Amino acid sequence: MSEVIVITSGKGGVGKTTTSANLGTGLVIEGKKVALVDTDIGLRNLDVVMGLENRIVYDLVDVVEGTCKINQALIKDKRYSGLYLLPAAQTRDKMAVSEEQMKVVIAELREQFDYVIVDCPAGIEHGFKNAIAAADSAIVVTIPEVSAVRDADRIIGLLSAHGITEPKLIINRIRPEMVKRGDMMSIEDTLDILGIPLLGIIPEDENIIRSSNLGEPIVTSGFKAGMAYRNIVKRIMGQEIPFMNIEDDLGFFNKLKKLFKK
Amino acid sequence: MFNIFKFFEKKPASKDIARDRLKLVLMSDKTRIDPKVLEEIKTDIINVISKHLNIDLDAVEIEISPVGDGHGGFSSALVASIPIKF
């Protein structure tokens, strides 16, 4: 049985593409066969985050228009056996693909893959509707900032209106030291406002930028964001993994201070 | 001038301000009522009240507002301001 998961957020720049790349790669490391689908037509980026930008021949629009077969457009990631990318078109209008066409493409991918991860564009218009058209479930990515949480709330409402009633939340870029001094909304604050189940938290980690510089997903590394993504991958597969205690990141001195406060 | 009393005054944590602002804005996002409907409600209320009281028709204001419940939560209320003429 295959599962189609859309990664969405409303607001741009909160980590949808990074999350898509890492969850896809993480699922492959766990032995699954995964297709990553970039639906951000005109502003594709999943290819560069994955380091596969030089291997694109055909794209999603070519598949939809019948220029090529779906297997000709799928890029096989040579580093991770079982990982494939269906890139978005870069020089086409986003209206080039319809919801119905998207459903046909996803249905074909379902037959070949355990998981289809759909990277959704920012916004709530045509591209968003295409991305969620054939999804079984959704992961909403947000960061603990008012604008991102507001957009996440809007997205949760729209997903529900389209029949995706149980989205799960990833809170990205948590900065423990800011939460501790009361300058960043905590996980509890964010969950309280959005009211959907938590799938995982990703601490702010500068290695994310390093990994996107290199085109190498961080999930394969030992960095804390990589570990956080690995935990999420296991939860997607149905395992019960406790949430990361972000205070563990506070460092030795802060921990010592905390100890004396008790 | 630097005010030492202000310096020691406890400021609310910025994350609490963020959370409260979010709750308010989300509620107003969600309870947005079609202006046409609000206008109809206004007309109906004016009709009912003016049967009994002489009201200032031009100054009547009706809006959806967030109301704090005193425990950090909010709900929305239809708030009407209807000035009476004597």
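How many residues does the contact take from chain A and from chain B? The contact takes 12 residues from chain A and 12 residues from chain B, contact meaning heavy atoms within 4.5 Å.

This is a predicted model, in which local features need pLDDT of at least 70 and side-chain atom pairs count only at pLDDT 80 or more, while totals for chains, interfaces and linings use all residues. Residues are numbered from 1 along each chain as its sequence is written, chains are lettered from A in the order in which they are written, and side-chain values use heavy atoms, without hydrogens and water.

| Item between chain A and chain B | Value |
|---|---|
| Buried area | about 1100 Å² |
| Salt bridges | four salt bridges |
| Polar contacts | seven residue pairs, both at pLDDT 80 or more |

Buried area is the accessible area (1.4 Å probe) that two parts lose on being put together, summed over both. Carbon and sulfur atoms account for 62% of it. In chain A, the residues that lose the most area to chain B are Val146(A), Arg150(A) and Ile193(A), together 42% of what that side buries.

A salt bridge has a side-chain nitrogen of Lys or Arg within 4 Å of a carboxyl oxygen of Asp or Glu. Asp189(A) forms one with Lys15(B), and their closest N and O atoms are 2.8 Å apart. A polar contact is a pair of N or O atoms within 3.5 Å; within protein, one must be able to donate a hydrogen and the other to accept it, and residues adjacent in sequence count only if both atoms are side-chain atoms.
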